[in-house]
Amino acid sequence: MNSFSPRFAVFLIWSVWLMLPTAASSQGKADEHATLSLVTEQDALVRGKQLWIGILFDLHEGWHTYWTNPGDSGEPPRIEWQLPTGFQGGDIQWPHPVRLALGSLADYGYEDQVLLMAAIRPPEGLREGESTKITAQVHYLVCHDVCIPGQKHLELLLPVKMSAAFSSARPLFVAARQKLPRPMPWDWKISATSTTDEFVVNLKTDKLPKPVQFFPLHAEQIENAAPQHSTEVPGGLRLHLKKSEHLRKPIARLEGVIVLASGDAYLLHIPVAQPRKAHTQSKN
Amino acid sequence: MKHNQWWNLVAVFVLISSCHAVKVGDSAPDFQAMDSNGRAHKLSQYHGKFVVLEWHNNGCPYTQKHYESGNMQHLQKEWTSKGVVWLTVISSAPGEQGYVSAQDENDYMSKMKASPTAALLDPKGDVGKLYSAKTTPHMFVVNPAGVLIYDGAIDSKATTEQADISTAKNYVSQALEESMAGRPVSTPTSRPYGCSVKYAH
């Protein structure tokens, strides 16, 4: 058995937990509110050739699950892949989330449908004519007003062939890629300054569709529920992000995903200029 | 710098700090709430003692993780036996998950063998909003001088799985142990994890 990167390592301890009864709730079980399936982009494994696989979440109306940073509450899905020996696996590609406002809180997650995909590469030594089993154990949380944890064991038998064709799930992968954050455009210039209460992000670009929404990759950097005010400045945009109450130390970099009105999403690594002396002295 | 300029600066800093509801290192704001036995509790009456605030919702799977495993009851017992005041706070609004009557809460505590100093009923969410309590559980620790020394998660593993408790670092116990030993709290804040507090909409 081989596992993905350490992040994806198979934690055997969870198998003990699997034997425990699922939490009962008046809202029923998690799989009454979300349908999970294991899908692949191609219909067969080809030795040494990359294949995209993914967990498709079909979320029932009113229910949501979470992004890699869930925001103020909730928890992202965790996928443990179990792949045959010699397979290599990559990290989950997280489509950009939507903001889920809950009164004084804000979460980041997905409604309706989301595909969490990862690339795998079978070894060169794979023999045609055989079949290979791919297994995923998914731990997830679905929430409406209330939350229900769920777990799902999914497996798929894939034939090994000389060449592969697209599977019927191919359009799901195409659609999901549209929502993956891309590297920042080369002609954008971005920086941030740290004030007592805010990070002020300065983005220099010729044309920027509005409005924009910033999703932090890390918890404890910005206050999720605070409005994100943006103002147009010559040659770009200024975005005001309120600092998290949990942020205790200066950060060198603010990382996150910016989503434009067009639906395009970009991954940002924003260098943060530290506050001027007067501000640091305001700490007792 | 002239004297009046200094006073201006001081005034600015007071204004800045008043923007934050609660902040580790600042005085924990006082509140008054009724417990499940009809007794009123004020935070200020516990001046001179450590106080733990535990946000609670018995229908939330994250709360259930810590109660069905016995972890929360163990912490309550351990720390109250060392003189710590443990206040469980329920900020669910009527009709929302986790809202309980006083009798419901007393029945729950006896069934679960929970032993906080008191369970405070906060159906209007006043105490919750004063502290910006976000999740259940969300934990706060106040030191004997009335200063907030911890604000955040109960421990380091943000899951609903009981098996994770034994390998997680418990931030509440850590804050109490370090502070009682006269050391600074090494993790004074963390992202609280759990269900959102079910305030009135």
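Predicted model: local features only at pLDDT ≥ 70, side-chain atom pairs only at ≥ 80, totals over all residues.
## Interface between chain B and chain A

Chain B places 32 residues in contact with 30 residues of chain A. Together the two chains bury about 2700 Å², and carbon and sulfur atoms give 50% of that area. Lys134(B), Glu161(B) and Arg191(B) account for 25% of what chain B buries against chain A, more than any other three residues.

Three salt bridges cross the interface. One of them pairs the side chains of Lys134(B) and Asp72(A), at 3.7 Å from N to O. On the side of chain B that touches chain A, two or more residues come from each of α1 (3-18), α2 (61-68), β8 (148-152) and β9 (195-196). Helix α2(B) gives the most, with three residues. By class, this side of chain B has 13 nonpolar, twelve polar and seven charged residues.

## Disulfide in chain A

Two disulfides are found over all chains. In chain A, Cys143(A) is bonded to Cys147(A), with an S to S distance of 2.2 Å. The torsion about this S-S bond is about 110°, so the link is right-handed. Cys143(A) is buried at 1% relative accessibility, and Cys147(A) is buried at 7%.

## Disulfide in chain B

Cys60(B) and Cys195(B) form a disulfide with their sulfur atoms 2.2 Å apart. Cys60(B) sits in the loop between β3 (51-55) and α2 of chain B, and Cys195(B) in strand β9, so the bond ties together parts 135 residues apart in sequence. This link is right-handed, with 90° about the S-S bond. Cys60(B) is buried at 0% relative accessibility, and Cys195(B) is buried at 0%.

Key. Residues numbered from 1 in each chain as written. Chains lettered and ligands numbered in written order. Heavy atoms only, no water. Contact = heavy atoms within 4.5 Å. Buried area = accessible area lost by both parts, 1.4 Å probe. Salt bridge = Lys/Arg side-chain N within 4 Å of Asp/Glu carboxyl O. Helix = DSSP H or I, 4+ residues; strand = E, 2+ residues; numbered from the N terminus. Nonpolar A, V, L, I, M, F, W, Y, C, P; charged D, E, K, R; others polar. Disulfide = S-S within 2.5 Å. Buried < 20%, exposed > 50% of the residue type's maximum accessible area, 1.4 Å probe, protein only.
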